[in-house]
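Here's a quick briefing on the fold and a few residues in it. Have the model open as you read.

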Amino acid sequence: MTKHRILLVCVAASLSIIVRLCDTSAPAIAQGAAGGKKIVLVAGPPSHGPGEHEHNACVLLLKKCLEGVPGVTATTHLNGWPKDSQAFEGADALVFDMDGGSALFQEDRAKIISSMMDRGVGLVGIHLTVEVRKDHGGPQFLDWLGGYYESGYSFNPDWEAKFQRLPDHPITRGVGPFSIFDEWYFNLRFRPAMKGITPILVARPSDEARSGKTAKPAGPRPHILEARGREEIVAWAFERPIGGRAFGFTGGHYHMNWGDENLRKLMLNAVLWVTGAEVPP
């Protein structure tokens, strides 16, 4: 086991330690008035070892952080799709952290989400949530989220992304430049001409990252290697033509990364922004 993974296990072993970090964010967030917003956070079942794909821990952490926001109610549903048929009632935003957005297209789930998207409900997709099949979920995600991870086309190596320039956007308020080692996806599928999309996190993968040594499955991909030196979008904001907002975020593989104040604040800003609430300075 590498030193990096040992550290991940140690940090993830006590969720309470990292949850306490939210207390430092709450006062700054609490200055804003979100105005009666309901946020529903849904976590998929566990799939990896300690410290990786900690879906339940992620949504619990976000809920804890959002407790300091006036007028905001955050509810969590762990280990998969909510069993309560009224879980989404009155929701202003849906936040999903799970293994593969394909889970959102089982049974009648897509119809439920689609009806909410038509009403302008916000949507956040974290990490592997943004992966759907091109022929099953892809068209819907282009409409709902603005983009997605397409297997065989997009890429998923572990690499350190350095975010030195951030756009002027509500999601980046109070966020400074930062660097994070994570399983950042790139070469994503986006809407034609990037209509309605604002890149939020953009970084340049190293040649080693593009080599595919840490990708799953490992190995080079010619179309990825050919784009050496190109900057890549790994998180984006989307404003739907019919109304409603969304945020796609490809990081979040390693739970310890939420300990970074800038990364955590960016996600919390995004969750507020997709509800239509004002993000405080």
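Two strands count as paired if DSSP finds at least two bridges between them, and the strands themselves are DSSP runs (E, at least two residues; helices are H or I, at least four), numbered from the N terminus. With that in hand, look for an open sheet of seven strands, ordered β2-β1-β3-β4-β11-β10-β9, with mixed pairing. This is a predicted model, where local features need pLDDT of at least 70 and side-chain atom pairs count only at pLDDT 80 or more, while totals for chains, interfaces and linings use all residues. Residues are numbered from 1 along each chain as its sequence is written, and side-chain values use heavy atoms, leaving out hydrogens and water.

**The sheet**
- Seven strands make up this open sheet, and its edges are β2 (72-77) and β9 (197-203), each pairing on one side only.
- From one strand to the next, the twist averages 15°.
- β3 (residues 93-97) runs parallel to β4, and five bridges link the pair.
- V95 has V124 in β4 as its bridge partner.
- Helix α9 (residues 261-275) lies across β1 (37-43), β2, β3, β4, β9, β10 (232-239) and β11 (245-249).
- α9 runs at about 155° to β11 (axes are lines fitted to C-alpha atoms, for helices over the stretch in contact, and angles run from 0 to 180 degrees between N-to-C directions).

**T129, in a loop**
- You'll find T129 in the loop between β4 (122-126) and α6 (138-144).
- T129 counts as buried because its relative accessibility is 2% (buried is under 20% relative accessible area, exposed over 50%, partly exposed in between, with a 1.4 Å probe and protein chains only).
- A polar atom of the T129 side chain lies 2.9 Å from the backbone oxygen of I126, and one lies 3.2 Å from the backbone oxygen of F96.
- Leaving aside residues up to four places away in sequence, T129 touches F96, D97, M98, G100, G101 and F141 (contact means heavy atoms within 4.5 Å).

**R210, in a helix**
- R210 sits in helix α7 (residues 207-211) and is buried, at 0% relative accessible area.
- The side chains of R210 and E232 are joined by a polar contact of 2.6 Å (a pair of N or O atoms within 3.5 Å; within protein, one must be able to donate a hydrogen and the other to accept it, and residues adjacent in sequence count only if both atoms are side-chain atoms).
- Beyond four places in sequence, R210 touches residues including F155, F186, I224 and E232.

**Cysteines**
- Searching the whole structure turns up zero disulfides (cysteine sulfur pairs within 2.5 Å).
- For C58, the nearest cysteine sulfur is that of C65, 9.7 Å away.
- C58 is buried, with a relative accessible area of 1%.
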